[in-house]
Amino acid sequence: MLINNIYNNIYLTAKSSDEKVAVYQGPQKYTYKELLSNINYSIDKIRENFFQPGYRVGIFIKNSIEAYSSMIAVALLDGTYVPLPVDDPAARLSKIISQAKLDIIIYDPYLSKVIEEVKGQLEGIMPTWMESSSNYSQLIFKSTFSRTEKFPLYIMFTSGTTGLPKGVLIKDESVNNFLCWAKKYLEVNEKDIYLAHSRLTFDLSVFNMYLPLLTGGSIVVVSSKLEQMYPGDLLNKVTIALIVPRVTGLMLEAKQFQKDFYKKLRHIIFCGEKLYASQVKIWRENCPHIEIHNIYGPTEATVTCTYFRIKTRDSFSDPIPVGSLIPNMFINFLDEKLNVITGETTGEAIISGVGVSAFDYCGQETNCFFEHPVLGRCYKTGDLLYRDQKENLFWLSRIDDQIKIKGFRVELSEIEAILSKNNKIKDLVCIYSQEKQEISVVFSLVENTEYKKIIPELQQIAILQLPDYMRPLNYYIL
């Protein structure tokens, strides 16, 4: 049982050492003993809100020990936690809360202003709002509760094609399968220090939080957007880092690659978007001691389902392989009659195995999940992959209009659906430039419309309803 094992390891580590650090958070550091105390305190506070097994609990807290404590506490109580994006506008947050049908929301007091805006836009049953709090001085005790795993462990929301975010529900066994592979593959131990680079709403955070706590390691939290874009100083403090490839270019511009940098770093793992040979070259030339990995997997398949280790003496060029399958995960290609295609081929990746979500999206019907007579439950990724004669996999492109920007999945059709609600718009389409990492909007207007004010109106809609990484940069009237 995953969460029970994580809690037991936190307990044993706290019991054996008063000084072992669990979380480095800015200038603060918190020991395993303090983490355990805060988890137990969080459990008591959640129970006071008439918590029942199966409740869905929103975590509206920035990446921090308070967020980790709350998520683990909810899981131990047999609930499902839902990380909420602290930087999203109130309109989008209200959609996520409604889609997830949250029973309780644990929030950081500094976000109170946003919460009042969210409350004003919610319809239907209002969740219970619970202010987060912490207590690091309680006596350590071992609780008798045990997670049954009857309910999903977490729900994470991604961009949706209909204008609504879509929630992906993941079970404990899916996360456990991923972590068992990662633990063995990376040969991690209690001395490892992990960079918590991803937002909690991005499923890479599952790796950054659970693997350290499962093995007695430590977590270094990225506390600001500046640190997220330019993590060089933090990389000097860690041994394992999982980041999106685009950060490499930002670090190079900021002159964060120099000799004798990142001496502690053992593994750099890239995920979330396409990795290029030019980015690998930067790491190779400046940090030859670091092992470089490229992994691939959508949120619906629990963090990753393939991996590729780029060895020091390998010659390589684009596209960089996404590699081989992790245990209990499968990628197949199907013909029009749903027959499995064997051998070298190119096509849409169909993922099956223990990591695939056992549920449809929250509140939305879809044909992305389906039951195959041979493969079982499958997920249609929309990713175009190539498989060579040696069974190596390569990510090529998308077969639809989904893009990756700053590591985030974005459905251009979600942006189109939201901006098109303006009644002055006749037709509208979003265009994405991979080279510039920019989203542009081209639109036409209904007859007799004053065009001078329309662009500011669309920009305001984007600010009020879209997170910053989804907002178009350019607007063109056709």
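Of the 478 residues of the protein chain, 57% count as buried, where buried means under 20% relative accessible area, exposed over 50%, and partly exposed in between (1.4 Å probe, protein chains only). The model is predicted, so local features need pLDDT of at least 70 and side-chain atom pairs count only at pLDDT 80 or more, while totals for chains, interfaces and linings use all residues. Residues are numbered from 1 along each chain as its sequence is written, and side-chain values use heavy atoms, with hydrogens and water left out.

The C-alpha atoms of the protein chain fill a box of roughly 70 × 60 × 55 Å along the principal axes. A compact globule with 478 residues would have a radius of gyration near 23 Å, and the protein chain agrees with 23 Å; the radius is taken over C-alpha atoms, and the globule rule is 2.2 Å times the number of residues to the power 0.38. Among contacts (heavy atoms within 4.5 Å) with a separation of 6 or more, 69% are between residues 24 or more positions apart.

The protein chain has 13 helices and 25 strands. These are DSSP runs numbered from the N terminus, with helices (H or I) of at least four residues and strands (E) of at least two. Two strands pair if DSSP finds at least two bridges between them.

Strand E5 (residues 104–107) is a place to start. Ile-104 and Ile-106 point one way from E5, Ile-105 and Tyr-107 point the other way, and all are buried. In a regular strand the side chains alternate between the two faces of the sheet. E5 pairs in the parallel sense with strand E3 (residues 56–60) over four bridges, and Ile-105 in E5 is the bridge partner of Gly-58. Four bridges also join E5 to strand E6 (residues 128–131), again in parallel, with Tyr-107 opposite Glu-131 in E6.

Leaving aside neighbours within four places in sequence, Thr-346 is in contact with Phe-333, Leu-384, Leu-385, Tyr-386 and Leu-396.

Next comes an open sheet of three strands in the order E23-E24-E25, with mixed pairing. Its edge strands, each pairing on one side only, are E23 (425–433) and E25 (474–477). Neighbouring strands of this sheet are turned by 20° against each other on average, direction ignored; axes are lines fitted to C-alpha atoms, for helices over the stretch in contact, and angles run from 0 to 180 degrees between N-to-C directions. E23 and strand E24 (residues 438–445) are antiparallel over eight bridges, and Cys-430 stands opposite Val-441 in E24.

Two helices pack on this sheet. Helix H12 (residues 412–419) touches E23, E24 and E25, and its direction makes about 150° with that of E23. Helix H13 (residues 454–465) also touches E23, E24 and E25, and its direction makes about 140° with that of E25. H12 is largely enclosed by the rest of the structure, because seven of its eight residues are buried; among them are Leu-412, Ile-415 and Leu-419.

The structure holds zero disulfides, a disulfide being a pair of cysteine sulfur atoms within 2.5 Å. Cys-362 is in no disulfide, and the nearest cysteine sulfur, that of Cys-368, is 14 Å away. At 3% relative accessibility, Cys-362 counts as buried, and Cys-287 also counts as buried, at 1%.
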